[in-house]
Every structure is written in structure tokens, then in C-alpha cells.
Amino acid sequence: NNKRYLRLHWPRDQNEDTDAVQYMVASLGMPILQLEMGRFVPRNSRELALAVLHPRKLAVYYVQRSESDDKISFSLDLLYTHALGDAIGEHFTAYNMCKGPFGGHGDGGDGICVQSMDGKLMVFEDSIHVLSRRFTSCLLPGPIAYVPKTDSFVTATSSGEVECFKYKALAEAGDSQVVATNHNLDKQSAQALLGERTDVQEVEDATPSSKVLRAEWSLRVGETICEIRVGRVSEGRGSTSIDLVVLGERTLFVVNETTGAIRSQLRLNASPSTLCLYVRMHSLISGPTHPSVALADLPQDGHNLILANFEEQILVYAGGRQEPVPLEGGEATLQASNRVGLGALVWSAHLEQIGGCVVTIAVASFGDSSGLIVVLDETGVLRLCYLGTDPPTSAVVTPSTGELDYAAVDQEHRQILRLIREHGDKYGDKQSENAAGEGGSLQHLDCPVVLKVNVPECCDDTSAWSHELLNEASEVSEAAEVALAKDVKDNYVSVQIEVCIENMSQIDLKQVNVVIQFPKFVVVKESSFSIALLERALDIRDNDHNMFMIPVRVFVNIEVLPESLAGVATATYFTPEGEPRCINTSFELPLSLACCLIPPSPQHKSLSTFKLTLATNHGPLQLKSLFKDLVDSFIVRDMETSQDSESHRSVTGSGGNSVMVFRYIGIKGSSNDVTILVSKTAGRYRVQSASLPALWLTTHYLTKRLNGHASSKVIVTYVDDPPLKDFIQVVDSHLQARHTLMEAFSKLNDSAHQLRVIQKRLLAKFKDRNPSPLGQLGPLMEVAHQMVITNAQVVERAQFDLKQCANSLSLVTSLINLLISLRFNLSEQEAKVLEACLSPQIDVDQSAHSDPLGAGWEEITDAGLTHLLRTALSSKSANSAANSSVMDSTALIIPRESTKLQRHLTILCDRLQKGGSLISKPSASSFSEHKSSSEHKSSS
């Protein structure tokens, strides 16, 4: 390693008495860059020695084994060393090395070739320095390998090229120590490469005397080369042929050793870290093939390939094969166009215990175990791994694709349902027994998690807020990009709710997620929370549970009118068996968060354009009792600003119960104020305002609180016709806003296209070898860019207008649904059907941002009303209505006007006026047919 230590490990069988691993540790005094085993012993071609490469020195050791007292130990005996750079008198910092029988080594030994950081080569045979050369094209050093068949070196350059140099040509390059790959070596480059201050004439004299080395072949792969290996991964090419396996950053290449042609390549899904080749037959596994392996050592059956990547994976690929192609003369030859490649991926494993990426990997045999994988990671941990099991050799049998047995499928489905019911009954019985034995509550055991939301009746007093709360309000406003509502004293209107979640079971729950859905007119800092651990209850009988409190502060958005005050809190968790569970609860924000009371004035009567009259079967009720929460908030607020006792009493008019005026929080002006007038004798209530959307919330809560009055059962009705004409005007405004947004998007698209065309023309002029004048393209591009900005601003304004129109349409749609239900006395189920067809839910974000050309509210609502008129409200018989209920398969297209929607809505009210029902009822004929078919099935 880089800390100067050399460790030798000897894995042993664990069944033996000796230690599983015996090793030797030696300090060599310098960082160790690379190790090689080869025939480096002088005058002995059979003994193996260890070559150790240091940054400035090459040392060769003989590993000596000794036994004493039944203990085995190892030691290093230094054979010889080479001081790198001394032989050539230049600076030399080693990068890597390779070994092999260079030039057909006479005594059968191996030579060593060391490459420096600047592309110099030093070749050693035993203890003799043979030659030194330099690559002129080397900017950064790359991997180097020796090919024994061609007696050549293969290296990679920093420009993504693989080059091959003959050893003979390298030796004949002369003593100039210059190895040039450029055919057109000029005088100045030769002088620079020589590193001497000579004149041009001296360079001319020196150049012809030495041969300039040129690459035998060169291959540009376009990637940084990580490793080069020599082996045989292609089948059917003869026992003397070999392959060069080149590992790039994203691709694995198999290259011809003589011509440099690519035989096959494999695109990798992850960045590789290292690879190795191992013998394909298990009986011949003796270790990996080194880049400098001798030709005689290559196995006859070829190699497989193991690849490691930075995702801590090990991939095993089988060697590929090439099919012979017959020629005209009848002979067979191999062509690259018909190659199969490296073969299929036969094994893949994930190294979960590896602390980092794999640096080196090899296959070796230890004891009686063959095919063990040796892995060294970047943290210096050495591991001995195995694949675990043999991969399946039999082919996968495709199941028969005959006709399904529907009777068997139905029987299996019934059995599964029976098991589910039995499991549920068993679980419920167990809970009942526990509850009866411990005296606990069955409700607690049925639902181990209880979720509830505590909401105060009135808004919080924000006059004494600290700086932290004020900063929180500013952060919420900036994050939501909206302005927050304030009261008359310039204080934020806010309320803090508390979400309480309790674990009443006997086990701890992990990863409990709570999500809160708020109305659109409020904004919060965070609406989703995660609880890492919800501890179990201590004692169920004493109701001593662990409660987790989540405070959430709610602010008001002044850009939209409130549509609803209802919210939903949802909690999800997993049982100990891994089954997901979900529990939710609904809550309602205080009415004082949406509106407040103001003293009535004569202008409220004159500005009341829209008026609704609600009749009841009960005498007039006190408005103070119906809206006690708002009255209390008004009294507290008014007493802080005035000591006059009559001022806060004027909220309900001079008669004490005649009038009450509502103003929405954060909405400026009196156009959205809503006034409620109460009849003095009859139980009639008039709700009026200058804005039709503003009537919804007040009318809804007036009806809700009248129906829920505790004194007697109050029935609310609406005697007039629904204001369909005013409703259609709101629909037209929303439809016009959609068309405006579409036109704005179209103009923005055209201007952006013009800008892209101008940019392309400018780029074409900039890339031209012969520059030409730009002409007026510069000012034209500025004008086009300004048009894009202007059209983008128009789109933003159109999106904002569409949001406002959608908010108004949602409010008016809810009001129309309420008035139709009160006018025609619809049941709760019929009201749900009406709301499903005439839905107040409008997806503003989808219409304004992602897909302005998609199906909008008008198309969907018209399709729903059409379906309702063809089925439940059809004037035909039941069978004819069922046949005509099939909708058209044409796509929904945005209409130019709302005439069709208005006609369908008018027909809907007319048929409800004539006694129609929104719920389809089966006819007598269909009921009798169903009954006869059931009797026939039972008899059979």
C-alpha cells in the first residue's frame, strides 16, 4: 500500500488446526505502486519472484517459506534493485509496469517494462537495464499491457486512443530516447523532445541517424481507458488467437491483437472500476490472466470476464463466440460483422459489505476450493468471496397459454375472500377478549391509532406576537408567494390548530406520517409531518396513552374568497406484520378566520345587486345565537378600540335582530360584503350582496346553522328560481379566461420559436470559417427576446385572471347546487349526484400551467349533465334510457360559448320541477327478469 507496508496473506482451510489466514508484514520504506509475480530470477526460468514498483525504484524479491515448530512463516530476500532514472540521467517517477518475455527472452525468463508519469519507458531484463524510450504523444500515462503473440506493447493515451508498438521497433529506435508517433515530426518538436539546446542543423543531423518509432496500429475509442487485459474471450477462432479486452469509462471493447479492429463491444450501465479474466472451465481455474500473460499460459478453452463497478456490483459475462461464414470457394472464415460479442450476463451479485468500490478483483484457488473471488476495496479490506450457488442450467419452460378455467378462478377467489373474513373475525375476537379481560375500551383496540384535531372557536390574538412568530409569517408569505391577511389593527389573522395522534396499542409504531389538507384560502408553513417513533400506551385501563401533538399555524390568503372551511387530517402507518394502515379525521376551521362582522350602513342596501330569500317553517331566530362566535369576536375587537357600549351592539342593527353584515378577511372594499336581513314576523331570511360568489359561504353556514338549531327542527327552503342567468355569466367569464390564456400561450410559443430561429442563425455565422457580417441579427435578437418577455408577462396575468375566475365559478357552482337542492327538496343522495355532475371542484393549476388545452370544467360538466339527462332524468322509458346512456367516444373540446351548457342546465331544472329524480330506479320488467334469472340459477 501507500504506507510502505507489504502484506502476504495465505488463506487456509478452516477445518485445519492452523489459523485460517497466516500472513507476513514487511515495511519496504517507500510507497508501493504495483506488484508483479514472474520469472525474474537470473539464470533460473522456473523460480518465481516478486517485483515491487516504488515511485523511484524497482525491487525484486524472492519469497522464502520456512517451517519451525509446526509453524509456517514467510520472509523476503532481496535479489536486485533498479534506481529508476539513474541509467538515463533524467528524472523518472513511475506510474505502472508490465512483464513478459520481451523479444523472446533467451533463458525463458520475463522482463519488466516500467512507465513513468510523463510517458518514458524503461525496460529491464533481470538485473540489466536494456533500453529507455519516451512516447511523444503522452500527456497523461495510461494502462500498458504486453501481447506475447505479437511481441508488442499496447497502451492507451489521454486522447482516447489505443496504440500498439512492436518491441523490435522499440529497440531499433536508437539511442536518441525519442519515440514519436507523429509521421510529420518537425524540427522544433524534435529539438524540444531531445531536451537539448541545439541548433536546427544539429537536429537535422541527429534525426536521420535514429529510426522514429511509429505505432503498429492505432484505435480511437473516444473514452478514457481504465484497463487493458490480454486473454481469449472469443470462441471458434483457433487456439493461437488472443483478444485484447479494453475497459473504458462506459464501454467494454474486444480488440483484434494484430490489426486493432474492434471485434465486439458492450455498453455498460454503470461506471466500471476494474475487471479480470478467468479460465472458463472449473477444472482449469488457477487464477486470473494478467495483462502480460505468456501465450503458452493461455487456456485452450478461453476466458470468462468478471467486471466490478462503482455501484458495488460484480457482473460475470460469458465469453462470446463468432460464427464461420462460408466463402465462394467453400472455405469458412470469421468475419467481424457476424460476431456475437462477449456473450450474455451469467451472474450478477451485490457486495453489501463492501465499504467502497472494488479496486482489484481476481479468481484463484486455495486448498480444495476452486473459483474463489478475491476482492480488494478502496478502504484496504481484502475479502475472499464465492458466488454461493450454481446458476440454473435448465431452460425456463414457458407455461401453457390455454384457455383459462373461469370456474377454478372463481373458486380460488371465494377461498381467498373466506380466508380474509376468517382473519378479520379472528383478529376482532382477540381484541374483544383482551378488552373484556383488561377492562379496556373496545374502541381503542379496534383502532390502535387515534387521530383528532383541536380547533379553537375564534382566531388568535396576534397583537402581542414575538419576533419569531412574525418571522414565521413572513417566511410563509414568501414561500407561498401570496400576501397574508391582516385585521384593522394591522395584525396577522391567524389561528393555531393542534393535531393529536395517540397510540393506544401495546406496541411501538415506527414511521407514522401525518398529512393535513387545508382549504385553498389558507396557507401554512408545512402540511406534512413524519413521526419516527410513536411509543405504545403505558396502561390502557387508566387511559394513559402517549399523545403526540403537532401544532400548525394557519394564515389567510387575501387573493381568493373562501370556498370551504373543511379540512382533512390523514395518518398512515404500518402494523408489525407489515400491513399498511390509514386513519383520517375531518375538521372545520373557525368562521372568524374567513369573515368578520361590521356595523351595517345604508350603502349595503343600495349596493345589494343579488338577493336570495330563504324560508323556514319556524319563527325568526336570533342572529346573535346563530353566529355567536362572530359576535363575540366583534365585541372583543370593538371594545379594545372604543369604550362606547352602543358601538358593539350596532352589529345586529337597531332592532337587535334585524340585520347583520359580514366582511371577508383581507378583502378590501364593500363589494364583497354580505348582508343578512331577518323578517320580524315570518321565518324568512334575505341574503344579499353586490357579488354573487360572496353569497355562497354566508348562505351555506346560515342554512347549516338553521338546520342544526337545537330548539326545534327547522326546514329551510328556497322558493324562487335559481339564478341560472347570473351563473352562466360567471361561466362565460371563466371560459373567456381560458381562451385568453390559450391565445397568450400561442403567442408565447410563436415568439419563442422566432427567438430560437435567430439564435440558430447566429450560431451558424459564429461557426463559419469565413466570418461574415451579422447584419441586423443582433438588434433582431434583442427585439425577439423582448417579445418573449412581454408575452410571458401576458401569460402570467392570464393565469392569475383564470385563477380568480375559477375561484368565482367554484363559489357560484356550490351556491347553485345548494339552491337547487333547497328549491326541489332533494335528498342527501340526490344532492351528491348533482354535485358530482355539477362539480365545484376546478383544477386551476392544470388549466393554468401544465395543460391549458386539456379538458376543462365546461366540457366535463356538460358531459356530466348530458349523461344525467339521458339516464336518471330521461323522459323515455327505463330501457330506452339505459340504451341511450352510452356516451360519445369523441374527445372533449373546449367550446367557444356556453349556450349548450345553459340549455342542459335549464332542462335539468325543468325536469326536477316536474318531479324528476336524480337517482335511477330499476323498472318492474327488469326486476322481474333479474328475479327469474336468479330462480333459474338456483334451480339448476
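Predicted model: local features only at pLDDT ≥ 70, side-chain atom pairs only at ≥ 80, totals over all residues.

User: How many bridges join β11 and strand β12, and what makes them a pair?

Analyst: β11 and strand β12 (residues 152–156) share 4 bridges and run antiparallel. Two strands pair if DSSP finds at least two bridges between them, so β11 and β12, with 4, qualify. Residues are numbered from 1 along each chain as its sequence is written, and side-chain values use heavy atoms, with hydrogens and water left out.

User: Which sheet holds these strands, and why are β11 and β14 called edges?

Analyst: The open sheet has the order β11-β12-β13-β14, with antiparallel pairing. β11 (144–147) and β14 (217–220) each have a single partner strand, so one side of each lacks a neighbour in the sheet. From one strand to the next, the twist averages 20 degrees. That angle is taken between axes, which are lines fitted to C-alpha atoms (for helices over the stretch in contact), and runs from 0 to 180 degrees between N-to-C directions.

User: What is the order of the open sheet that includes β7?

Analyst: The order is β7-β8-β9-β10, paired antiparallel. β7 (94–100) and β10 (128–134) are its edges, because each has a single partner strand. β7 meets strand β8 (residues 111–116) through 6 bridges. G100 stands opposite G111 in β8.

User: What counts as a strand or helix, and how many are there in the protein chain?

Analyst: Both are DSSP runs, numbered from the N terminus: helices are H or I with at least four residues, strands are E with at least two. The protein chain has 19 helices and 42 strands.

User: Why is E502 called buried?

Analyst: Its relative accessible area is 8%. Buried means under 20%, exposed over 50%, and partly exposed in between (1.4 Å probe, protein chains only). So E502 is buried. E502 lies in strand β30 (residues 494–503). L451 is 51 residues away from E502 in sequence, but the two are 6.6 Å apart in space, C-alpha to C-alpha. Across the 940 residues of the protein chain, 42% count as buried.

User: What makes a nonpolar core, and how many residues has the largest?

Analyst: A nonpolar core is a set of buried Ala, Val, Leu, Ile, Met, Phe, Trp, Tyr and Cys residues joined through side-chain atoms within 4.5 Å. The largest has 102 residues, and those with the most contacts inside it include I501, I516 and F627. Helix α13 (residues 777–823) gives the most to this core, with 10 residues. A second, separate core of 17 residues includes A145, W217, I242 and V255.

User: Which residues does I516 touch?

Analyst: Contact means heavy atoms within 4.5 Å. Leaving out residues up to four places away in sequence, the contacts of I516 include V499, F529 and V568.

User: Why are Y492 and F555 called an edge-to-face pair?

Analyst: Rings of Phe, Tyr and Trp (its six-membered ring) pair if their centres lie within 6.5 Å; planes under 30 degrees apart count as stacked, over 60 as edge-to-face and the rest as tilted. Y492 and F555 are 6.3 Å apart, centre to centre, with 85 degrees between the planes. So the pair is edge-to-face. Y492 sits in the loop between α6 (467–480) and β30, and F555 in strand β34 (residues 546–556), 63 residues apart. Y492 and F555 are both buried.
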